[in-house]
Amino acid sequence: MTAFVDTNVLVRHLTGDPPDQAAAATRFLATSGELLLTDLVLAEVAYVLESFYEAPRSTVATVLRSVLGFAAIRVQDRDLLHRAVEVYDVVRLDFAEAYLVASAERTGVGVIASFDRSIDRVPTVRRVEPA
């Protein structure tokens, strides 16, 4: 079966919370043929683990990498998502900004319009502030 996978299935599997849904999610992930993972769902997994479960950034990054490594998971641009996770983890940007950085690099645009000065920590892109 091919299906899009939602954040809650991944989070249940990853956290074991609540146990009955976690067991069902784990069984589903282990037996699914092809699961389509959108970039937005991966970002939401990061957000839920960080905010609700208060997981440390390094743990969240490890978990995101493991999700991308699930055999059944299919994504549109795996390299882009791995780069976003790397920027999120190493540069310590929020996942949305890390994704913007990875997208700017990947497309060759290299410029991000933002008021968020944390983007300036990434030397591969240039931030422009709207004036």
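## Salt bridges in the model

A salt bridge here is a side-chain nitrogen of Lys or Arg within 4 Å of a carboxyl oxygen of Asp or Glu. The model is predicted. By this rule it holds eight salt bridges. Side chains of opposite charge can pair when their charged atoms come close.

## A pair within helix H5

Arg83 and Glu86 form one of the salt bridges, with their closest N and O atoms 3.1 Å apart. Both residues sit in helix H5, which spans residues 78-90. They are three residues apart, so about one helical turn separates them.

## Glu129 and its two arginines

Glu129 forms a salt bridge with Arg117, and the closest N and O atoms are 3.9 Å apart. This pair links distant parts of the chain, 12 residues apart. Glu129 lies in the segment after strand E5 (126-128). Arg117 lies in the loop between strand E4 (111-113) and E5.

Glu129 also meets Arg127 in a salt bridge, at 2.8 Å from N to O. Arg127 counts as buried, at 16% relative accessibility, because the cut-off for buried is under 20%. Arg117 is exposed, with a relative accessible area of 56%. Glu129 is partly exposed, at 37%.

## One network

Which residues do shared partners join? Arg117, Asp120, Arg127 and Glu129 form one network, joined by salt bridges that share partners.

Terms used
Residues are numbered from 1 along each chain as its sequence is written. This is a predicted model: local features need pLDDT of at least 70, side-chain atom pairs count only at pLDDT 80 or more; totals for chains, interfaces and linings use all residues. Side-chain values use heavy atoms; hydrogens and water are left out. Helices (H or I, at least four residues) and strands (E, at least two) are DSSP runs, numbered from the N terminus. Buried means under 20% relative accessible area, exposed over 50%, partly exposed in between (1.4 Å probe, protein chains only).
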